[in-house]
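Here is a briefing on one protein structure.

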Amino acid sequence: MKLFLGLAEGWLPHESRIFGEVEGRLVDFTCAYATYLSEVRGEREASYELASLYFPATISEFLENGESSLHALADLISFLRPRGLQDFRGPAGEKVVYDPAEIRFLSPLQNPHKTIVIGFSDNVVSEMRLKAEVPTGFHKLPRTFAAPRGPILWPKFSQEIDCDACLAVVIGNPGQRVPPEKIWDHVAGFTLLLDITARDISRREAVTKNHLLGKNFPSSSSLGPALLLKDPNVDVNGMEVALTVDGVTRQRFTPRQWVFSLEQVLAHWSALGLRAGDVFALGGSVALRTNSPGSAVPLTPGCVVRCASSGIGELCHKVVREDEPRSARGKKTEVRDQKERAARILIGHDMVGFLKKGDPSLELARRTVDHIRTRIAKGNDDDVLAESGILLDLKQIRLKAPVPRTPTLISAGKNFSDHVGEMSTRNIPSRPVAFLKLPETITGPEDDIPYPKETQKLDYEVELAIVIGKPCVNVGKEEALDYVAGYAAFNDISARDVIRRENENGILLMGKNFPGFSPMGPYLVLKDEIPDAQSLKLESRVNGEVRQSSNLGYMIFDISEMIAYWSQMGLQAGDILTTGTPKGVAAGRKEGQTPWWLKPGDIVEAEVEKIGCLRNRIVAENQ
């Protein structure tokens with residue numbers, strides 16, 4: 001069974017539905033299941049509400065429902081097959097069955113927690129690829145997903161882009177440290193992924209183990225067109241994927257050709273935790289079992305790229321230059337973009353949604369606070385405010401990370417010269433260096449940090465988190481701070497021994513991304529309260545002992561330079577950039593010095609002047 005996510009004509013972006021392919025046509029599963037509930041179960045009054053629980057607005061939510069939604073799907077298919085689709089309608093007579101041309105398809109997974117593409121760095125030679133014992137990978141941001149059949153935009157900053165076709169495994173059931181023999185219990189199904197790379201940028205970033213801009217510019221990924229649900233009768237290892245450019249086949253492979261099996265890859269990355277909707281993709285250039293590893297396929301402006309697998313469908317995109325006039329991409333696309341932007345203004349139930357609403361929301365928040373302060377100043381109002389739940393003592397609240405579900409978390413590396421020196425790195429970078437941290441690593445200012453079983457060398461890094469307040473694309477250094485909403489304290493927890501092993505293959509991901517590796521908070525302090533963030537002091541302590549003490553004025557690339565550089569890939573409201581850390585980390589200790597590695601029971605504090613202190617306890621994972 002193939003599941004599609006799409007919109008019919010006139011539907012708003014948040015009204016997406018799950019469609020299934022039945023007899024060559026697409027069935028709106030929400031309305032179809034409402035009919036099943038009405039006719040078979042007698043649930044006429046609540047049929048739509050119940051149907052939307054089993055078939056929600058996204059496939060990710062469907063997968064999170066687990067067995068309940070899968071059982072509902074099986075009941076629905078059994079209901080549909082004997083009756084035919086010709087005159088099938090919803091409970092109120094509405095349309096349920098569509099021709100594919102009537103549906104605007106979306107990527108089947110809209111906002112995965114993890115989209116990890118298994119691959120190798122540009123600085124890893126072919127011989128090392130074939131000898132590698134651990135499958136490496138890098139994270140792709142959901143914002144990079146091109147619209148199905150939309151253009152692939154050639155970025156202005158690159159002269160050389162290429163692509164890999166990938167078969168992507170989608171997770172259905174959560175788990176952590178899953179053994180290979182149990183992996184298939186956690187797989188929901190499969191889809192296709194096109195991995196587009198700005199190769200000249202990626203080679204440059206590989207020198208500093210910095211794989212970010214070259215892999216994460218707009219439309220540098222394509223996911224879809226459908227989710228093919230796992231079927232025990234399908235030979236996954238025999239599923240063929242083909243990549244063509246202008247009609248010429250350039251890649252063709254099956255999972256049997258990979259050095260690393262799907263079970264091996266997923267078991268390895270399950271150390272970071274598997275969540276419903278996570279995506280893990282392997283392609284033709286992942287050390288194929290042929291005479292030499294596969295190669296990425298060069299692209300040119302104007303070419304048409306197709307990635308196809310018979311069971312899943314086809315991705316098809318034309319490559320266009322980023323500066324091509326918008327009219328050349330079609331007026332309908334532009335109108336849809338405007339509708340989506342308008343709809344997003346109305347949506348927002350958390351800090352990211354609040355920030356997306358921009359200055360009006362911030363102004364209302366300021367007025368609210370001023371009003372409460374005025375009432376308190378007048379006296380005799382504290383009890384009323386407390387009883388109403390408006391005014392709370394801080395002891396009554398358990399603070400969480402102020403931006404717990406950021407769209408993007410970019411952490412700077414090698415950004416303090418003294419830290420570069422203590423890590424025995426020879427060269428100061430000529431451009432900002434950074435890596436992606438998974439948003440799900442973010443934890444609260446007082447939450448425990450799990451000590452992973454994979455490491456014996458757990459480290460801390462006090463940093464400042466910069467939270468973006470509005471869309472920021474290709475801005476200059478002089479205007480960069482205009483796009484900042486505020487600041488928070490941040491602790492970049494690192495598994496140094498895992499990182500060292502990853503660096504042998506040139507890709508850094510797992511060592512920075514275990515659960516709980518990004519404590520953040522205690523608050524989001526708005527920019528206007530800190531006019532000169534570049535002068536703030538940083539300090540970290542372990543069990544009360546000062547380990548790091550410095551000032552953001554010693555950054556190699558200051559806050560404005562960081563924002564301007566990374567705005568080339570496009571930043572959104574709620575995105576987080578962190579500054580990098582000064583000297584004093586455990587990894588910087590020399591032979592003969594007392595080791596500073598964190599251990600279970602330690603209390604690690606990361607404090608930023610005028611913002612606050614994070615205080616987290618290290619706990620063994622089985623506690």
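The count of disulfides comes to zero, a disulfide being a pair of cysteine sulfur atoms within 2.5 Å. This is a predicted model, in which local features need pLDDT of at least 70 and side-chain atom pairs count only at pLDDT 80 or more, while totals for chains, interfaces and linings use all residues. Residues are numbered from 1 along each chain as its sequence is written, and side-chain values use heavy atoms, with hydrogens and water left out.

- Cys166 is in no disulfide. The nearest cysteine sulfur belongs to Cys307 and is 7.6 Å away.
- Cys166 has a relative accessible area of 2%, so Cys166 is buried (under 20% relative accessible area; exposed is over 50%, partly exposed in between; 1.4 Å probe, protein chains only).
- Cys316 also counts as buried, at 10% relative accessibility.

**Sheet**
- An open sheet of five strands runs in the order β8-β17-β16-β12-β13, with mixed pairing. Strands (E, at least two residues) and helices (H or I, at least four) are DSSP runs, numbered from the N terminus. Two strands pair if DSSP finds at least two bridges between them.
- β8 (152–154) and β13 (248–253) are the edge strands. Each has a single partner strand, so one side of each is left without a neighbour in the sheet.
- From one strand to the next, the twist averages 20 degrees (axes are lines fitted to C-alpha atoms, for helices over the stretch in contact; angles run from 0 to 180 degrees between N-to-C directions).
- β16 (residues 304–309) pairs with β17 (residues 313–321) over six bridges, in the antiparallel sense. Val304 has Lys318 in β17 as its bridge partner.

**Second largest pocket**
- The second largest pocket holds about 1,100 Å³ of space. Its lining has 26 residues, and Val369, Arg373, Tyr523, Leu524 and Glu529 are the closest to its centre.
- On a 1 Å grid over the protein atoms alone, a cavity is a set of points where a 1.4 Å probe fits but cannot get out, and a pocket is an open set with protein on both sides within 12 Å along at least five of seven lines; lining residues have an atom within 4 Å of a point. Grid points are joined across faces, edges and corners, and a volume is the space filled by probe spheres set on the points.
- α9 (351–356), α10 (359–378) and β26 (518–526) each supply at least two lining residues. α10 gives the most, with nine.

**Loop residue Thr136**
- Thr136 sits in the loop between α5 (126–131) and β7 (137–139). Thr136 counts as buried, at 5% relative accessibility.
- The C-alpha atoms of Thr136 and Val265 are separated by 8.7 Å, although the two residues are 129 residues apart along the chain.
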